[in-house]
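The structure is shown first, and the description follows.

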Amino acid sequence: MITLGVAFGYHDSSAAIVKDGQLLAASLEDRFTRQKHDDNFPTHAIKACLKQAGLTLADIDEIAFHEDPQLKFTRILCAGFEAFPHSRGEFVSAMKSWLGHKLWAVNKISKKLDIHPSHIQTLDHHLSHAANAFCGSRFNSAAIMVVDAVGDWACTATYRAQWTEGRLKIEKLHEVKFPHSLGLVYSAITEYLGFTPNDGECSTMALAAFGEPRFLADLEEIVALKEDGSYFVDQSYFNFTKFYQRGCSEKFIERFGPPLEKSQSYPFSCFDLEKNEKAPEHLKRFADMAASVQKLFERHIISTAQALQAQTGEINLCFAGGGALNCVANSYLLKETAFQDLYIPIDPGDGGSSIGAAYYLNTQRPVGKAADSSYLPYLGNEEDVSLDVSMIEHLSAGYLKRYSKESFGKLSYKGFSTETCESDEKLVELVARELAERKIVGWFQGRGEMGPRALGNRSILIRPDDQEVALRLSTRVKERAEFRPYALAMTGEESLEVLDGDYRHLSPYRRMQIASTVREEVRPQVSSCIHVDGTTRPQICLEDENPRFHALLNAYKKISGKACLLNTSFNAKGYPMVGTPLLALVMFVRSDMDLLVLDRTIIRKTYETA
Amino acid sequence: MIRMKAIYSTFLDFRNWFFMRFLWGMSEKNYYRTVELFAATEADTVWQLVYGIDKIHDPNFRAQVFTQIVEEDFHAETFYKISRARPEAIYRVPPQEKEFLYSDDDPVWKLLAYCYVGEEEAARQFESIARVTPVPELKKALDKIVEDEAGHVVKAYRLLKGLGATDGQIRWELIKIRFKRRIQTMQRSLKKLFEYLIDGMLSVIYFFFGPLLSLYARKKMEGR
């Protein structure tokens, strides 16, 4: 039985294919359309998944849609009319998109894929998240926690999952419904801090490390914790039902002061600590607010997880929903609760809900070995690079560099050279040498990663101990705020030296999903990847998970003594990760990247020698 | 023919002057919205070319189209930067459903012809806007983009022929494309008109059913 999972309509459209309990392929639509968080029908992701799985649409037996549009529509209607007569604009806009297409999602899928509607099933949105959380965990049974902005109605939900007679059974235990949403509180304050909601939450998390949680008591009054681990949000401080207005209400602003003016930016830096001391006082208030909402979030998810553990007695926890992207909060889930193992899916947000929907529907009939199945993050498209490599010698560097990013000025390269390696050993040896020579390397290999993390196939790499290069990466390649730290990739063996424990068996440590303290004595050797609080987001790379990237880490160790590299996603500001080698090349020629590695070919920029 | 072109150019100037002084003058948001739409159009051209280039296997022609992609990407970014220079006035074009303009069976030169016609028309528009815009940063960007477009037509013609199109085919295709683009412009205007109508209807529904439904909605929300 083959099930296609589809998610679209809000943000991060995606598709996934599950066959007899095994996930074959999954991809985000934005990798193909180059529109970050694209919410449109995932035409290109479906095509790519079918191609990758070696299937055609005719092979698909059933389709699972990640949410129940009718149920969600009741929530939209209630929210629209709740603020009557002040919500005409919101109502008109919501009705246009809902009556225009969102409500008829099943018909749209049927029409687009030429499949009879009887083969399409809709699922509760948080059930899709829950199934995504459990799929690939290898647990026989587990407690599941979903923390999201808002699904159909639920915002936070808990479940228990187990395999019964070869079928997956997921039982709902508790849910907190809209408008009481911890995720929306976090997003509203993200907006208050000057970032874009649904995108800038990671910036709020990063900014938190520069502040003190001095507003925590106030926020705890507004988002009150209940005895059962759930919570109640005082709605007078937020505009959750007036969804086209600012998330925080006038009352919130009266209490905490005005939001960040849009023209201002934060002077904090992970690289230049002096800048933090010199930061103006009025900006420290925002860092304190970020620290407060972060702490609030941590306390609430710990409390929910503790209640869930007490209720279920389970030792395994699966965590999904956008809240599971908060790697700092995740680090407390094993420390502060009785759970012994934690699994977070590779895309815990809405993008992964297509996986969950397909997996749940597919496993409602006995599916043999699915219970102990797992999957790697490399579920996306694999691309032939030969055509792009062959055109390199026909490119005019002098002409192309006129189009380097304006903020970088005119780049100084004068040409390109290519070198194709016959073996992986040769490739990693050459690239490791370039990394040691302070080069910024674009690394495009094999199948793309599903989800938001670049785990060694669509990555930009630099040496981890040179803050000057990291700063160049931030300002002249990624255009990224200096207060956002980078992740650290390392081999399993090296992780024992770098981190404060042996975490190789815990998957969140292999996928950059959890913050971890770096040993004091190692910090100078990985200084570009450490946040001001002494933590990093580790990617412990195991040889069987990504052999070529693992070999590169080891090759770098031979030169530098440490099997560690700074690893960040291959994308420019405002764009999703590159989906094709051609787009990787576009970014390469327009930015200050020195080297691009497409499969086994190294493309170098050549410079005028002094 | 030359006189016709001059008349058309004057008409464009007048139209752009009217839009900029009148609509942009009414609200700064209109100005940023227009520039954001320019950016989205350029970004769509990039996407179409990235999709279409897969069919080009000759490294030399591929390199030419790649160069075009880099240029268009730069133009899109230039417009984005201008449109987002004043964050409080930001209008963001929602992600568009991306559909390839031609079927997989169509020769790739047709797509390139389409893009070049679009570029040529856009360049003419930009040139006209640059003449009348009161916004210096937009004038500078438009001048640079128009300068980039100069010489493209000759290069494009050479590229299309290199990819197997004959003179007759190119001429006929360009006529079809221009006609198609006029129809698209008309459709967009009609859609906008239709949307105003829908807005009005929905507003009537909102105020008619609102008093009753708001009681139900508030009860449901309070119960949570």
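## Salt bridges and basis of the model

A salt bridge is counted when a side-chain nitrogen of Lys or Arg lies within 4 Å of a carboxyl oxygen of Asp or Glu. By that rule Glu77(B) forms a salt bridge with Arg590(A), with the closest N and O atoms 3.0 Å apart, and the count between chain A and chain B is twelve salt bridges.

The model is predicted, so that local features need pLDDT of at least 70 and side-chain atom pairs count only at pLDDT 80 or more, whereas totals for chains, interfaces and linings use all residues. Residues are numbered from 1 along each chain as its sequence is written, chains are lettered from A and ligands numbered from 1 in the order in which they are written, and side-chain values use heavy atoms, with hydrogens and water left out.

## The interface

The contact (heavy atoms within 4.5 Å) takes 61 residues from chain A and 50 residues from chain B. Phe81(A), Phe84(A) and Tyr403(A) supply 14% of the area that chain A buries against chain B, more than any other three residues; buried area here is the accessible area (1.4 Å probe) that two parts lose on being put together, summed over both.

## The sheet of chain A

Eight strands of chain A form an open sheet of mixed pairing, in the order β13-β22-β21-β14-β15-β20-β16-β19, where strands (E, at least two residues) are DSSP runs numbered from the N terminus and two strands pair if DSSP finds at least two bridges between them. Because β13 (413-420) and β19 (538-541) of chain A stand at the edges with a single partner strand each, one side of each is left without a neighbour in the sheet.

Strands β14 (residues 441-444) and β21 (residues 595-598) of chain A run parallel and are joined by four bridges, in which Val441(A) has Leu595(A) as its bridge partner.
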